Amino acid sequence: MSTVFPKPRIGLLALTLEFYEQLLPELRERRERWLREAVLPQLDAFADVRFDRAVFTGEGIETVVQGFEAAGLDALAVVCLTYAPSQLALPALRRTRLPILIWNTQELLRVGADFDLGKMIDNHGVHGTQDLASVLVQHGVPFEYVTSHPSEAAGLRTIRDFCAAAAAVNGLRRLRVGLLGYPFPGMGDFAVDTSHIAATLGCQWTAIPVEEYVHRAAAAPVQEVQALVAEYRRQYEVARDVSETDLEQTARAELSLRAILNERRLEAFSYQFLAFGEDERTETLPFVAASRLMAEGIGFAGEGDLMGAIGVWLLGRLQPPATFSEVFTIDFAGNAMFMSHMGEANVAMARTDRRVPLVARPQPITRTRGRQLALLASLQPGPATWFALCRGPNQRWRLLAGRMEIEDYGPLDGMCVPHFKLRAVQGDVRELLTEYALAGGPHHNAVCFGDATGRIRAAARLLGADYRELPC
């Protein structure tokens, strides 16, 4: 059910020196061959790389960069196959809006006793990257810089993080977010000026009437409802007290929400449960739908939190899958946090050694005609990253991240909401939560598997945002 996203699309700008076209006419072809045979296969493992030929004139560089922009690529990487003078590339790189990575690399791994003039000629791009980096710094052009041999895992990991961040930030500029209802009254940590979101992150938002959700649910085709109910029974451990009517109402809610998102081309959304209860025709809440939509890469946050939904979407693009969550209780003795919410967690992240229970809340959280079902996803144990998108002083965006461990915990008997535990692996949970609060961390956050801090750090730089790794 989890969505696999396309690879980041990266343009490779390979530079050489025009002087060598007369002095060593075979050099460029030899360096291009090495690039295609030894470098591109390494990058192809995590990026869709566009490379045609090396260039050595200002006009050639401009043409290549314009082609990358016209193709809508996510970023460009610069490799100096030989020394290349910076002033030829500066105009195009200063003008482009594509994120820039300079990869200081070469064919040779070791300089030994057999080193000669030929090997030096084939491996002298380093001072070209220094020339270029220097002028970019002087002119305020942001860029990333990585020094590594193509065979080294650490360098490739940094490049991979940059590519993932560039693709995510590029997608963020086009992101459309829906708000069903209104923000929870009085919750100030995610209160945000939507024009600020549009101006800084590029996201657009749209309001969704609860009435439309109700009408679409009522009009859901019977055959589609029945097919979705059968899918629920096939995929999840349906509790004995959950009736066919409960499942049908839940299916209609999901079909309604999916139709709304599809027609409006929304990739993230939030709803406010109180708003559903204000329309007496509401059959049930879309807890199950939200949990399943997150599994497909849709960003989500509760209580009308647009900023939280964007944050879950962003983490889900940086390192999928990702889930919305919230710290509910501190486990002081276990150096951990108990994470939960009213009924939403990414079901694609549920532990794999058992079927996910599908249960009914014993009491409704707001007024609805029918009962409210939820998927009790307890997450697969292992390394994880805790993340929040928030604002610091002067409305500057801030990305918070911490390396964590999902414990082997849950689902607990008697719990009617998704839940799991995050254990701090760096420092004490008391220190972690204190620094999170002092950094402005909101009460809504996101979790993904593995260590995503490198990608989050890269995304922060591309967004011009602050980055705080917890504990600091």
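**Figure 1. Helix H13 on strands S9 and S10 of the predicted model.** In this predicted model, helix H13 (residues 287-294) lies across S9 and S10. The helix runs at about 160 degrees to S9. Strand S9 (residues 268-271) and S10 pair in the parallel sense, over 4 bridges. Within this pairing, the bridge partner of Tyr271 is Gly302 in S10.

**Figure 2. The open sheet of 4 strands, in the order S7-S6-S9-S10.** Pairing in this sheet is parallel. S7 and strand S10 (299-302) stand at the edges, each with a single partner strand, so one side of each has no neighbour in the sheet. Neighbouring strands are turned by 20 degrees against each other on average, direction ignored.

Figure 3. Strand S6 (residues 176-180) pairs with strand S7 (residues 204-208) through 5 bridges, in the parallel sense. Gly178 has Thr206 of S7 as its bridge partner. From S6 the chain passes through helix H8 (residues 194-200) and on to S7. This β-α-β crossover is right-handed.

**Figure 4. The open sheet of 5 strands, in the order S2-S1-S3-S4-S5.** Here too the pairing is parallel. Strand S2 (48-50) and strand S5 (144-147) are the edge strands, and each pairs on one side only.

Figure 5. Strand S1 (residues 9-15) and strand S3 (residues 75-80) run parallel and are joined by 6 bridges. Ile10 stands opposite Ala75 in S3. Helix H6 (residues 126-138) packs on the sheet and touches S3, strand S4 (100-104) and S5. The direction of H6 makes about 150 degrees with that of S4. Helix H7 (residues 153-172) also packs on the sheet, touching S1, S3, S4 and S5. For H7, the angle with the direction of S4 is about 170 degrees.

**Figure 6. The packing of H7 against H16.** H7 and helix H16 (residues 453-463) pack at an angle of about 50 degrees. Their axes are 8 Å apart. This angle makes H7 oblique to H16. The crossing of the two helices is right-handed. H7 brings Arg160, Asp161, Phe162, Ala164, Ala165, Ala166, Val169 and Leu172 to the contact. H16 meets them with Gly454, Arg455, Ala458, Ala459, Leu462 and Leu463. By class, the residues of the H7-H16 contact are 10 nonpolar, 1 polar and 3 charged.

**Figure 7. The packing of H7 against H14.** H7 and helix H14 (residues 306-318) pack at about 145 degrees, with their axes 8 Å apart. H7 passes H14 in a right-handed crossing. On the H7 side, the contact is made by Ala164, Ala165, Ala168, Gly171 and Leu172. On the H14 side, Ile310, Trp313, Leu314, Arg317 and Leu318 take part. The residues of this contact of H7 with H14 divide into 8 nonpolar, 1 polar and 1 charged.

**Figure 8. The packing of H9 against H11.** Helix H9 (residues 210-218) and helix H11 (residues 244-264) pack at an angle of about 120 degrees. The axes of H9 and H11 are 8 Å apart. That angle makes H9 oblique to H11. H9 and H11 cross in the right-handed sense. Glu212, Tyr213, Arg216 and Ala217 of H9 face a set of residues in H11 that they meet: Arg252, Ala253, Ser256, Ala259, Ile260, Glu263 and Arg264. The contact of H9 with H11 has 5 nonpolar, 1 polar and 5 charged residues.

Figure 9. Most residues other than glycine have a negative phi, and most peptide bonds are trans. Glu303 is not a glycine, yet has a positive phi of about 60 degrees. Glu303 lies in the loop between S10 and H14. The peptide bond from Pro320 to Pro321 is cis, with omega near 0 degrees. Pro321 is found in the loop between H14 and strand S11 (322-325). The peptide bond from Gly410 to Pro411 is also cis, with omega near 0 degrees. Pro411 lies in the loop between strand S17 (397-406) and strand S18 (419-424).

Conventions
Residues numbered from 1 in each chain as written. Predicted model: local features only at pLDDT ≥ 70, side-chain atom pairs only at ≥ 80, totals over all residues. Heavy atoms only, no water. Pairing = 2+ DSSP bridges. Contact = heavy atoms within 4.5 Å. Axes fitted to C-alpha atoms, helices over the stretch in contact; angles between N-to-C directions. Parallel < 35°, antiparallel > 145°, perpendicular 65-115°, else oblique. Left-handed = near helix turned anticlockwise from the far one by under 90°. Nonpolar A, V, L, I, M, F, W, Y, C, P; charged D, E, K, R; others polar. Right-handed = clockwise from strand over helix to strand, strands pointing away.
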